[in-house]
Amino acid sequence: MAGHHFRFLHAGGFLLDQPLCGLTEIPDALTDLLIDAPFTAAQKVFDAALEERVDFVALNGDLLDLSRPSARALAFLLDNFDRLSAQGIYVYWACGKLEQPHDWPTAAKLPDRVHPFSVTEPEELSHFRGERPVANIVGRSWHGTSSFQVGEFR
C-alpha cells in the first residue's frame with residue numbers, strides 16, 4: 001500500500017433528533033433553524049464527501065438514538081448512505097453508545113457499502129480502489145463493558 005494516496009472524511013456525533021440545549025430563550029424566527037440544525041450540519045458532511053469525491057467516510061457514532069429513532073432520522077441516514085453508495089463511496093461506521101448495530105431496524109436495510117463495526121472486538125478491513133488496497137481501517141463499535149488498548153492492534 002505504500003505510496004497510494006486516498007481521501008476520506010471523518011465525522012460523527014450528529015445526535016439527530018436531539019434538541020439543542022443551553023439556550024434560555026429562543027426567538028421565534030430561529031425555532032425552525034434550531035430544530036433542523038443537526039440535520040443541516042450532517043447534510044453538509046455528506047455533501048462534502050460527495051463534492052470532494054472521497055474514497056470513504058469514517059463515522060464514529062452517536063448519529064442517532066436507536067432506542068427511540070424517528071422516521072425522519074432513519075430516512076435521512078438511509079438516503080445519504082444510498083447517495084454515497086451510488087457514487088462508490090464506502091461508509092465505515094463505529095457505532096456509538098446511542099446506536100448499537102444490533103438495534104438498527106431490520107426493515108431499514110443498510111446499503112452494501114455501509115459497514116457497521118462489531119461491538120465485540122476490533123475489526124481490520126482493507127479499503128480497495130479497484131483491485132488495489134489503499135488503506136487499512138481498524139475499528140470497533142462502542143461496547144459498554146469492554147475496552148481495548150491501541151497496542152492490541154497490529
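1. S85 lies in helix α2, and, leaving aside neighbours within four places in sequence, S85 is in contact with P111 and R113, contact meaning heavy atoms within 4.5 Å. Helices (H or I, at least four residues) and strands (E, at least two) are DSSP runs, numbered from the N terminus.

2. A word on the basis of these remarks: this is a predicted model, in which local features need pLDDT of at least 70 and side-chain atom pairs count only at pLDDT 80 or more, while totals for chains, interfaces and linings use all residues. Residues are numbered from 1 along each chain as its sequence is written, and side-chain values use heavy atoms, with hydrogens and water left out.

3. On the packing of the two helices, the axes of α1 and helix α2 (residues 71-86) come within 10 Å and cross at roughly 10°, which makes α1 roughly parallel to α2. Here axes are lines fitted to C-alpha atoms, for helices over the stretch in contact, with angles running from 0 to 180 degrees between N-to-C directions; angles under 35 degrees count as roughly parallel, over 145 as roughly antiparallel, 65 to 115 as roughly perpendicular and the rest as oblique. On the α1 side the contact includes D36, F39, F46 and L50, and on the α2 side it includes R72, F76, F81 and L84. The residues of this contact divide into ten nonpolar, two polar and four charged, with Ala, Val, Leu, Ile, Met, Phe, Trp, Tyr, Cys and Pro counted as nonpolar, Asp, Glu, Lys and Arg as charged, and the others, Gly among them, as polar.

4. The aromatic side chains deserve a separate look. Rings of Phe, Tyr and Trp (its six-membered ring) pair if their centres lie within 6.5 Å, planes under 30 degrees apart counting as stacked, over 60 as edge-to-face and the rest as tilted, and by this rule there are eleven aromatic pairs. F46 and F81 form an edge-to-face pair, at 6.1 Å centre to centre and with 90° between the planes; this pair links distant parts of the chain, F46 in helix α1 and F81 in helix α2, 35 residues apart. Both F46 and F81 are buried, and ring pairs link F14, F39, F46, F76, F81, W93 and W104 into a cluster.

5. Turning to the interior, a nonpolar core is a set of buried Ala, Val, Leu, Ile, Met, Phe, Trp, Tyr and Cys residues joined through side-chain atoms within 4.5 Å. Of the 31 residues in the largest nonpolar core, W93 and W104 touch the most other members. The elements that give two or more residues to this core are β1, α1, β2, α2 and β3 (90-93), and α2 gives the most, with seven residues. A second, separate core of six residues includes A94, F117, A135 and I137.

6. L15 has a positive phi of about 50° although it is not a glycine, and its place is in the loop between β1 (8-11) and α1 (31-51); L15 counts as partly exposed because its relative accessibility is 32%. Phi of R53 is likewise positive, near 50°, in a residue other than glycine, and R53 is found in the loop between α1 and β2 (56-59), where its relative accessibility of 69% makes R53 exposed.

Note on methods: Buried < 20%, exposed > 50% of the residue type's maximum accessible area, 1.4 Å probe, protein only.
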